[in-house]
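Subject: Structure handover

Hi,

Here is the structure for you to look over. My notes follow below it.

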Amino acid sequence: MKLAYWMYAGPAHIGTLRIASSFKNVHAIMHAPLGDDYFNVMRSMLSRERDFTPVTTSVVDRHVLARGSQEKVVDNITRKDAEEHPDLIVLTPTCTSSILQEDLQNFVERARIEAKGDVLLADVNHYRANELQAADRTLHQIVQYYIEKARKKGELPTTKTEKPSVNIIGISTLGFHNNHDSTELKKLMGDLGIEINAIIPEGASVHELKNLPKAWFNLVPYRELGLMTADYLKAEFGTPCIDITPMGVVETARCIRKIQQVINEQGANVNYEEYINEQTLYVSQAAWFSRSIDCQNLTGKKAVVFGDNTHAAALTKILSREMGIHVVWAGTYCKYDADWFREQVSEYCDEVLITDDHGAIGDAIARVEPSAIFGTQMERHVGKRLDIPCGVIAAPIHVQNFPIGYKPFLGYEGTNQITDLIYNSFTLGMEDHLLEIFGGHDTKEVITKGISAESDLSWTKDGLAELNKIPGFVRGKVKRNTEKFARDRGFKDINAEVLYAAKEAVGA
C-alpha cells in the first residue's frame, strides 16, 4: 500500500463497485470507513446518472473496532434486502476491512439465512489487485455464480441461438466512452447480421447470465475488463473469444474478419469484405483524411501516448500506422499486463514505458517535448504546464470527458471521432502563424510550470518582459531550458541577462 494523490487505477473496491452498480437491481455493501465512500459521488457526477447509486457503506467506526463488525454488516445486508428487494447483494471488502482480518465470508453466510435475494462476497485480494483487476475478477465471479446456480437447477441452455449471436463483455459504468461504444457495437453487429445475445455488465440482469452459453462467440472490446469471464465461458462451453479492439480503420477491419472466420467455422456462410470496403471508403472519414493535405501536415510530428492497455495500444497504432505521426514513446499504467502491451506497440514507437508513477510520465514528456500528448487527465494537466496540447484518450478522466453527445471510439464512427481528436490536438498551420504574430495566448506573468513542485527560481521583471517577447508556441521550451541553465549554475533570479546567456549556451 502507498499514499498517493494521483492514481491511474483506483483501489480494488472501486472496480467491484463499478461492476455491481452496472447490473440492474444489484446492490453493493461496502465495508469501509466514511472516507472510502466517494464512489457514490464519483458515479453520479461523472456518469451523470439519474438514479441513486446502489451502494451502501457499512461504516467502520470506533464502535466496530471495539466489538467487531459482524452484527452491523449482517444487519445492513438484510435491511437493504428488505428495502430494495435486489436480485443480488455484493459485499465488497476494502483495505480497511482486510487490515482488520474479518471473516466476511462468514458474514455473508449469516446474511443468506434471512435475505430473500442472493448475497455474494467479492473475492478480491485488496493488497494485490487494483481497480481494473478487481472489476475483471468480480464480473467473472458473478457470472460463474449464476451459471453454477442455473446448472444445479437444470436451467442451462444446451444449444446455441439459431442465428449468429454475440455476448459483448466489458461495458461498465465509469468506463471511458463505454455507453457510446456500446451503441456503436450494437449497430456494427446489426450491420453484420449478428444478434446481441447479451451485453454485460452494463444494464444487464443477473437472471440473464444463464443464457450466456447460447452465444456463438464473445466479443471483449477492452482488454482490462471481460477476459476472465470470456476465458471461463470458453473453458465451460467452448465459446470462442474475440479480443481484437475495433478501434481505427485497420483494427476494425481485422476484428470484423475474425468475426467472419469464427461464425463461418460454426456453420454460417458470410463474407464481410464488401461491407468493410464500403464502411472504410464512405462511412469512416479516417481513410480519406489520411490522404488529405491536412493529415500530411502531421507527418513526422512527434507525439507521446499514455493510458490503459486498450486505448494506449490502439492510439499508438492509429497515430503511426494510419496517420504517419512519429510516436516517440508509448506507455501504460497496466503493469500487470506489460508483456502484451510491449508486443502490441514496440514496432510503432521508439520507446515503451510501463509505470504508474505520474511524475515519471511527466518527466518523460518534458524530456522529449512532443508536439502533442495523448493520455489521461493527468497528462492533460502536465501538457498545460508545459504548453503542449493533449487529447484525452483513456481513464482516469474528468466530467468533460463523459460527453453527452455521441462520441464512440469503437467502430467506423469511432474512427471519425478519433481522427478529429488527433488533428485538433496539434497546433498547426495558421494557428502557429497567429501565435507568432500575437505573441501567443500566454501573456500572463505565470512562469513556474515545471513538472516538479519546486519553486526555487524567480523571474525578474526584465526577465519576464524578454520571455514574453518570444513566440508563444516555443516560449515554454525556452523557459524550461533557461531554468535548467539557471539551476545548473546556481542562479536564484532569472533576469534578461541570464535569459540571453541561456539562449547562447543551449540554443534555446
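This is a predicted model: local features need pLDDT of at least 70, side-chain atom pairs count only at pLDDT 80 or more; totals for chains, interfaces and linings use all residues.

**Overall**
The protein chain has 508 residues, and 54% of them are buried. Its secondary structure comes to 22 helices and 15 strands. The chain exposes about 23,100 Å². Carbon and sulfur atoms supply 50% of that area.

**Cores**
The largest nonpolar core holds 96 residues. Four of them touch the most other members: Ile142, Phe217, Ile259 and Ile422. Take Ile142. Leaving out residues up to four places away in sequence, Ile142 touches Ile19, Phe23, Leu88, Val90, Leu120, Val206 and Leu209. There is also a second, separate core of 21 residues. Among its members are Tyr8, Val304, Val328 and Cys390.

In soluble globular proteins, nonpolar side chains tend to be buried together.

**Surface patch**
Leu281, Tyr282 and Val283 make a nonpolar surface patch of about 290 Å². Leu281 sits in helix α11, which covers residues 273-283. Is Leu281 buried or partly exposed? Its relative accessible area is 41%. Buried means under 20% and exposed means over 50%, so Leu281 counts as partly exposed.

Best wishes

Conventions:
Residues are numbered from 1 along each chain as its sequence is written. Side-chain values use heavy atoms; hydrogens and water are left out. A nonpolar core is a set of buried Ala, Val, Leu, Ile, Met, Phe, Trp, Tyr and Cys residues joined through side-chain atoms within 4.5 Å. Buried means under 20% relative accessible area, exposed over 50%, partly exposed in between (1.4 Å probe, protein chains only). Contact means heavy atoms within 4.5 Å. Patches are made of residues with over 30% relative accessible area and no salt bridge: like charges are joined within 9 Å, nonpolar side chains (Val, Leu, Ile, Met, Phe, Trp, Tyr) within 5 Å. Accessible areas come from the Shrake-Rupley method with a 1.4 Å probe; for residues, only the protein chains shown count as cover. A salt bridge is a side-chain nitrogen of Lys or Arg within 4 Å of a carboxyl oxygen of Asp or Glu. Helices (H or I, at least four residues) and strands (E, at least two) are DSSP runs, numbered from the N terminus.
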